[in-house]
Amino acid sequence: MSYSNLDINRVKIFNKMVFPASSREELLQAVKQRGPGLLIAVGCEKLLNKDPDLQNIINSNIAYCDGYAAKYAVAHRGFPDAQKIPGAYLWLDLIRFFPPETKYYLLGAKQDVISDTVDKLKKEFPINIVGWRSGYFDSEEEVLNEIRNSGADVVFVALGSPKQEFVMDRFYHQYPATYMGLGGSFDLYTGRAKPVPVWWNKIFKWEGLYRQLSDFTNLKRWKRQFIVFRMIYLLITNHY
């Protein structure tokens, strides 16, 4: 099923088409209705990324608000009920939502992280995991063949953005399935990374800043926070 066949609205934010889902259930129903395709979390970095190939991938699939700035932008475009839906937890909701016979393949993170992720999933869910591999591999073709041979219905890809979006797009065109980008979700799930406290989100609504303060000397993280300042300016001045 092509995206155009879905009976859902989308809103354009910085030339990216975003689905203004009002709940996780609405988003999951759209994923189920569509069938094979990509599920993409969008926040400041993806919305402001001007790569035309990334834009095309986002606009050809289901993109949802995974950040408060994205949620506010969508709300101001006429969808006040749009919700911020954290992808770091949405993938677990997808497992609960899809039938138990669904076949899953997991890709990404370090070997110990992906192994612990698989072990924990098997303890917590009646899940059919047909394969997994760490994010450190030399041949995409080898990984793709492994996914194809597994017969996976859903492929979780935790390679970080925007790398994971490009990998998912290449894989999808050779092996149609439901692909979902997870970033560092496996690290969060296995306890390697700490979740942002609820009180912080209620007061500041800026998860990236919390993680930055927890990793203060990481210059790469600081660069990402400057993108947020730009996003805030563009929202305030209505240049989106």
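# Close-up views of a predicted model

**View 1. Asp93 and Arg96 pair up in a salt bridge, with their closest N and O atoms 3.0 Å apart.** A salt bridge here means a side-chain nitrogen of Lys or Arg within 4 Å of a carboxyl oxygen of Asp or Glu. This is a predicted model, where local features need pLDDT of at least 70 and side-chain atom pairs count only at pLDDT 80 or more, while totals for chains, interfaces and linings use all residues. Residues are numbered from 1 along each chain as its sequence is written, and side-chain values use heavy atoms, with hydrogens and water left out. Both partners sit in helix α5 (residues 87-97), three residues apart, or about one turn of the helix. Helices (H or I, at least four residues) and strands (E, at least two) are DSSP runs, numbered from the N terminus.

**View 2. Asp116 forms a salt bridge with Arg192, and their closest N and O atoms are 2.8 Å apart.** Asp116 belongs to helix α6, while Arg192 is in the loop between α9 (185-189) and α10 (198-203), so this pair ties together parts that are 76 residues apart in sequence. Asp116 is partly exposed at 32% relative accessibility, and Arg192 is partly exposed at 39%. Side chains of opposite charge can pair when their charged atoms come close.

**View 3. Arg133 and Glu146 make another salt bridge, with the closest N and O atoms 2.9 Å apart.** Here a strand meets a helix: Arg133 is in β6 (residues 128-133) and Glu146 is in α7 (residues 140-150), so the pair ties together parts that are 13 residues apart in sequence. Glu146 is partly exposed, with a relative accessible area of 30%. How many salt bridges does the rule give? The count comes to eight.

**View 4. Phe14 and Ala109 each have a positive phi, though neither is a glycine.** Most residues other than glycine have a negative phi. For Phe14, phi is near 50°, and the residue is in the loop between β1 (11-13) and β2 (16-18). For Ala109, phi is near 70°, and its place is the loop between β5 (103-108) and α6 (111-124). Are they buried or exposed? Phe14 is buried, with a relative accessible area of 14%, and Ala109 counts as buried at 14% as well.

**View 5. A cis peptide bond joins Ser161 and Pro162.** Omega is about 0° for this bond. Look for Pro162 in the loop between β7 (154-158) and α8 (163-174). Most peptide bonds are trans.

**View 6. Phe229, Ile232 and Ile236 make a nonpolar surface patch of about 310 Å².** Patch residues have over 30% relative accessible area and no salt bridge; like charges are joined within 9 Å, and nonpolar side chains (Val, Leu, Ile, Met, Phe, Trp, Tyr) within 5 Å. Accessible areas come from the Shrake-Rupley method with a 1.4 Å probe, and for residues only the protein chains shown count as cover. Phe229 lies in helix α12 (residues 219-236) and is partly exposed, at 46% relative accessible area.

Conventions
Buried means under 20% relative accessible area, exposed over 50%, partly exposed in between (1.4 Å probe, protein chains only).
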